[in-house]
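I opened this notebook to record what I looked up, entry by entry. The ligand comes before the rest.

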Amino acid sequence: MGEPVAFRCVSCKREYGPWEHDYYCPRCGPVKGTLEVLYDYGALARKLSPLSFAQTRRFSLWRYEEVLPVGFEYAVDLRAGWTPLYARPELAAELGLSALWIKDDSLNPTGSYKDRATAVVIAAARYLSRSALTCASTGNTASSVAGFCAAAGIPAYIFVPEATPRPKVAQLLAFGATVFAVEGDYSHAQRLCEEARERFGWYDRSDGVSPMNAEGKKTGAYEIWEQLGGKVPDYVLVSVGDGSVISGICKGFLELAELGLSESAPKVYGVQAEGAAAVAHAFARMKRGEGILPAEEPAETLADSICVGNPKDVVKAVTYVDRTGGGFVTVSDEEIIGAVGELARKAGVFAEPAAAAPYAGLLRLLRDEVIGEGAKVAIVITGSGLKNPEGALRAAGEPLRVPPEIGAVERILSADAL
Ligand SMILES: *Cc1c(COP(=O)(O)O)cnc(C)c1O
Ligand SMILES: [Zn+2]
C-alpha cells in the first residue's frame, strides 16, 4: 500500500500525522478543514512504472493499492472500480471532437461512482477497528454503504432526505441497513448524521467528510489513464454536488502527473444544475479573488444526486479543478433530461439524470467554444439510469401500444409517422 505521510488541511495547510484525525482539521472544522492524504511522491515515483498496476492482476480499484492508504488485506470482497471506458467515435465526429470516451461507473456493484469511495472507507474502518458505518446521502452513497456493510457483515446507519427516489430507498432497505428518512432536505440529513456519529461512535462515510473518500474516488482517473494506454484526455467532465467525486478525480490526475506517469493533467470541468450550483458559484468567487466560503445556498433540481445546497467538499473541488486548468459549467434541468435521452440513444449508456449532466455540460462547452473542435474528451457516468427512472421516462416518452397481432405491428412500422 501507499503509506500516507500526512493528512493535510486544505485550508490552513497544517499537516497532521496519518490517521491522527478521522475527518477534519480541528482548527478549521467541517467543510473548511477537510483533509487531504499525502504520500511520499518521490519514493512512489521511483517505485512505480506504467505497468505496476497491471502486474497486480486485480480487476478492481485494488489494482491501485500502491497509491491507496490502506492495504488490500482490509478490502471487502465486493468489486468496485475497473469499469469500462467506451470509445464513441461516431458521436465524437458528430460533435466535432477527435475522441469521446465514456467512463461507465454505473457498472459498480451498487450502481454508482460512490462505490469507489465506500470500498476504501470501509477498508479504513476495518484497519481502524471501527464496527459500524454511517452516512448522510442523497441516495447513492447510502446504497453503496448499505451494500458494502452487508458484504462485510457490519451495521449501516443511514440518513436520507425524505424525498429520495423510491428505487434508491428500496436498494438500501434490501441490503438491511437501518434507514432514517429525515423530514427536510439533504442538509438536515447531514446535520443529523453528524450528531449521530458523535453520539454513537459510528465511522462516517458521508461525502466530503472522511479524507478516505477522495482516495477511493481518485482511482477513476488512474483507470482512464491506464485504459488509454498511459495517456490522458484533453478534458474530463464530471457532475458535481458536494464536490467529492470531482476532487477525487482531479487528485488522481494531478498525482499521475506528479508521479511522472502522465505528461500533464487533463482540464477537469465540473457540471452542475442551474438550480443547485453552489460549487460553481464558489469557483467563480475564488477566481474573482473572493472567499470560497460560505458556499451554502438553496438547491433545486430534478437531478437528485446533485441536489446539494451545502457542499461539503467545496474547498478541495474548486482548488483542485483550478490546478488542472479546468472550470465549471451549469446546465438546466431540460438540458439534463435531454442528455439522459441522447446519451442512451446515441451512446448506449443509460445514466441517471445527475450522471447524464456531464454530457449536457459538454454540449454547452462546445456551444460556448470553451472546448474547441478536435479535442479529446472523457465524460464520467456516475450513476445508473435504473436509479431514478422517472428522469428517463420524461426523456423517452411512451411505448407503442398494440393489440397482440402482427398486422398491427406491421401497420405501425410502415406508417410515415415513424
Ligand atoms: C454523488 C453523485 C454525484 C456528485 O458527486 P459529489 O461528490 O456529490 O459532487 C454525481 N452523480 C451521481 C450519480 C452521484 O451519485
Ligand atoms: Zn486547518
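How many residues surround ligand 1, and which are the closest? I note before answering that this is a predicted model. I counted 15 residues around ligand 1. The closest are Lys114, Asn140, Gly241, Gly243 and Thr382.

Entry on the make-up of the shell. I sorted the residues around ligand 1 by type and got eight polar, four nonpolar and three charged.

For threonine 382, I found an N or O atom of the side chain 2.7 Å from a nitrogen atom of ligand 1. The side chain of serine 239 also has an N or O atom facing this question, at 3.4 Å from a nitrogen atom of ligand 1.

Entry on cover. On its own, ligand 1 has 380 Å² of accessible area, and the protein covers 99% of that.

Entry on location. I checked where ligand 1 sits, and the place is the largest cavity.

Entry on isoleucine 406. I then turned to a residue of helix H15, which spans residues 406–414 and includes isoleucine 406. Is isoleucine 406 buried or exposed? I put it down as exposed, because its relative accessibility is 68% and the cut-off for exposed is over 50%.

Last entry, on a distance. I compared isoleucine 406 with valine 331, which is 75 residues apart from it along the chain. Their C-alpha atoms are separated by 43 Å.

Key. Residues numbered from 1 in each chain as written. Chains lettered and ligands numbered in written order. Predicted model: local features only at pLDDT ≥ 70, side-chain atom pairs only at ≥ 80, totals over all residues. Heavy atoms only, no water. Near = heavy atom within 4 Å. Polar contact = N/O pair within 3.5 Å; in protein donor to acceptor, adjacent residues only side chain to side chain. Areas by Shrake-Rupley, 256 points an atom, 1.4 Å probe, with all protein chains shown as cover. 1 Å grid on protein atoms, 1.4 Å probe; cavity = no way out; pocket = protein on both sides within 12 Å on 5 of 7 lines; lining within 4 Å. Sits in = over half its atoms within 2 Å of the grid points. Nonpolar A, V, L, I, M, F, W, Y, C, P; charged D, E, K, R; others polar. Helix = DSSP H or I, 4+ residues; strand = E, 2+ residues; numbered from the N terminus. Buried < 20%, exposed > 50% of the residue type's maximum accessible area, 1.4 Å probe, protein only.
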